[in-house]
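These are my notebook entries on one structure. I record each point that I looked up and what I found.

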Amino acid sequence: MYDVIIIGAGPAGYVSAIRLSQLGKKVAIIEKEYLGGTCTNKGCIPTKTLLSCAHLYDEIISKSNKFGININSVSYDLNKMDNYLTTVVTQTRKGIEYLIKKNKIDFINATAEIVDTNHVKTGNNILETKNIILAHGSEPAVFPPFNSIEGIWTSDDFFINLKDIPNSILIVGGGVIGVEFATFLASLGKKVYIVELMDHILPTEDLDVSQEIKRSLLRKGVEIYEKNKVIKVEKDGKMYISKIEENGKITEINSEKILLAVGRKPVIPEDVKKIGIEINKGIKTDLNMRTNISNIYAIGDIRADIMLAHVAMYEGIVAAHNIAGENKIMDYNAVPNVIFSNPEIATVGIKEKDANPEEVIVSKFPVSANARARTINEKNGFVKVIADKRSKKIIGISIVSQNATEMIMEGVLAVKYGMTTNQLTDAIHPHPTLSEIILEAVEGVEGKAIHI
């Protein structure tokens, strides 16, 4: 008899398993593929590994001469990149395996089938449990006409075919996935087209954030078609002929490959549906991560809410503490969003487009005015701070900059704990650092930024 059986060993599942073990519970975790789930094996980790390779390559080409470093020739080797990616993924997976063993969690590498609310079947074995956590994750969304055309790639397929990446590619979808892959490919000199249905790429971000990244991609030679829809795709030999449409205007794009990057959908198998779990777009839970069945919890992408690995991890921790008898509530008010474009994007809290302009003060400070940025020859980007006009509490921060994904944590703490502008500016920031851009943007709320 287990206290908890977790189905799915991605970020949500394995983190929840470890915390449950730390809380004294007997746990089994079932995974049909690899430990680490999509994030470790097909998502976050391999994507960021490749982007690190591309960013270094791009930096050498664009900055070496400016820095007085003489390089006769620069090239890249996709086979070595692939080997490096494999090493990083394998090390990460083995690290999770070590933690599972260290915490005395039973790992079952098999397909799980829920028999009823207290029994789970794997192969010929039926396991008994007091609680079940659903952490099945997600898969790439595919829809017509792409699901009927041979050879269309999703993000899952990209890493399998890394050694054969084409010289030209059409990316359908200008969201996070599309922009990150476009950044990688364009940095290596590939011809990239992005087609985005909404008014601008990165449609969930403010327009000024999106425009900064759009300019960066255009400088790399990416062709971007916003407010366009792919209406027809044909395969002609080794080429794909795509017709896209905007207000009746048809444009034809020829590319060696098409990458479908329009988001992900939750994996909800039939055995889950049959036991009476309430499902909307994904599985519904309360803020304790409990479903409508009292001993069954759901965490991560299967909920189809905020489909981010760090959110999934924390949902797993919240579920674990509630199973252990505590009352821990999930708080989504200060969730950081990070995009590994070039420059990077990181946001937390309220966006300017969603704020009431009469109730907030918006302050921006450019990267180009920062001393540290000048030392590393960075000119593009900004920090934008949104503060409540009356209380001066910081309610939103957007960063477009090198290292934005690291710097955002200051903003997360400010938003989560309701820090005022004075509280943040009273904290001495080290000099010269990029973090001073945040300081100056916050000072700007009161019109007191020093270096502008």
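**Entry 1: a strand pair**

How many bridges join strand 20 to strand 21? I was working with a predicted model, and there I found 6 bridges between strand 20 (residues 382-388) and strand 21 (residues 394-401). The two strands run antiparallel. Within strand 21, Ile394 is the residue that stands opposite Ala387.

**Entry 2: strand 1 and its partners**

Is strand 1 mostly covered or uncovered? I found strand 1 (residues 2-7) mostly covered, with 6 of its 6 residues buried. I then looked up its partners. Strand 1 is joined by 5 bridges to strand 6 (residues 125-134), and these two run parallel. A further 4 bridges join strand 1 to strand 2 (residues 27-30), again in a parallel arrangement. Ile6 stands opposite Ile133 in strand 6, and Ile6 also stands opposite Ile29 in strand 2. From strand 1 the chain crosses through helix 1 (residues 11-22) to strand 2, and I recorded this β-α-β crossover as right-handed.

**Entry 3: the nonpolar cores**

I recalled a general point before this entry: in soluble globular proteins, nonpolar side chains tend to be buried together. Which residues have the most contacts inside the largest nonpolar core? They are Phe158, Ile171, Phe184, Val192, Ile194 and Leu217, in a core of 38 residues. Several elements each supply at least two residues of this core, among them helix 3 (44-63), helix 4 (78-102), strand 8 (168-172) and strand 9 (191-196). Helix 6 gives the most to this core, with 6 residues.

Leaving out residues up to four places away in sequence, Phe158 touches Leu50, Trp153, Ile165, Phe181, Phe184 and Leu185. Last, I noted a second, separate core of 29 residues, which includes Ile6, Ala9, Val15 and Val311.

Definitions and conventions: Residues are numbered from 1 along each chain as its sequence is written. This is a predicted model: local features need pLDDT of at least 70, side-chain atom pairs count only at pLDDT 80 or more; totals for chains, interfaces and linings use all residues. Side-chain values use heavy atoms; hydrogens and water are left out. Two strands pair if DSSP finds at least two bridges between them. Buried means under 20% relative accessible area, exposed over 50%, partly exposed in between (1.4 Å probe, protein chains only). A crossover is right-handed if, with the strands pointing away from the viewer, the path from the first strand over the helix to the second runs clockwise. A nonpolar core is a set of buried Ala, Val, Leu, Ile, Met, Phe, Trp, Tyr and Cys residues joined through side-chain atoms within 4.5 Å. Contact means heavy atoms within 4.5 Å.
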